[in-house]
Amino acid sequence: MRGRTPFAVLVVMLLAGGLFGLLALNTALNEGSFELSRLQKQTTKATDEQQSLQHEIDQSSAPDALAKRAAELGMVPAGGMAFLDVPNGGKVVGTPGPVQDSPPVKRSTVAPWPMKASPGAQGTPAPSAQPTAQPTTPAAATPVPTPAASAGDAVIQLNPVSPAPGQSGGGNR
């Protein structure tokens, strides 16, 4: 009996060590599972918030919303526009004309881009919503490419400018 006792103790110790090892491994896997579940919930919440913000951006970027916002700021639709058709020898398409509007537009008191106040920025001054003066020199009437022209199309939009008294508005040179 004396020779079997150390062997039995060794076997019992190995079984106990194996059981404790399995318990530790199972505990670590469960912790990882709980962490994974927490991160999945956090991801779902962040995805929902991102989709909500994207929906808000899409609504604000819709043409009717932009037109309404522009009208609130005192903007009016452009008059006749002219386009320069570059592939066809620079032919002018359309007739430029001044903006047709009622007498002077009142200056808007609405901020151009209202900012949501963040909780920590209460003492931060808001940016000024004063409009800047637009130059009225002929240099301001340079051709401005439209988004389509910058995407590879060969049509350039010209900003209509009313000719000064005594000047002809024709483009013949």
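In what order do the elements of the chain run from the N terminus on? They go α-α-β-β-α-β. Here are some notes to go with that.

1. **What you are looking at.** This is a predicted model, where local features need pLDDT of at least 70, side-chain atom pairs count only at pLDDT 80 or more, and totals for chains, interfaces and linings use all residues. Residues are numbered from 1 along each chain as its sequence is written, and side-chain values use heavy atoms, with hydrogens and water left out.

2. **Confidence.** The chain has a mean pLDDT of 74 (the predictor's confidence in each residue, from 0 to 100), with 57% of its residues at 70 or more. Where pLDDT is low, the predicted coordinates should not be read in detail.

3. **Elements and burial.** Of its 173 residues, 5% are buried (under 20% relative accessible area; exposed is over 50%, partly exposed in between; 1.4 Å probe, protein chains only).

4. **A leucine patch.** Leu19, Leu22, Leu25 and Leu29 make a nonpolar surface patch of about 450 Å². Patches are built from residues with over 30% relative accessible area and no salt bridge, joining like charges within 9 Å and nonpolar side chains (Val, Leu, Ile, Met, Phe, Trp, Tyr) within 5 Å. Leu19 lies in helix H1 (residues 4-61) and is exposed, at 60% relative accessible area.

5. **Salt bridges.** The count is two, taking a side-chain nitrogen of Lys or Arg within 4 Å of a carboxyl oxygen of Asp or Glu. In helix H1, Glu35 and Arg38 sit three residues apart, about one turn, and their side chains meet at 2.6 Å, N to O. Arg69 bridges to Glu72, with the closest N and O atoms 3.0 Å apart; these two are also three residues apart, in helix H2 (residues 63-72). Arg69 is partly exposed at 22%, as is Glu72 at 38%.

6. **The hairpin.** Strands S1 (residues 82-85) and S2 (residues 91-93) pair in the antiparallel sense over three bridges (pairing needs at least two in DSSP). Asp85 stands opposite Lys91 in S2. Five residues lie between the strands, and Gly89 in this hairpin takes a positive phi near 80 degrees.

Definitions and conventions: Accessible areas come from the Shrake-Rupley method with a 1.4 Å probe; for residues, only the protein chains shown count as cover. Helices (H or I, at least four residues) and strands (E, at least two) are DSSP runs, numbered from the N terminus.
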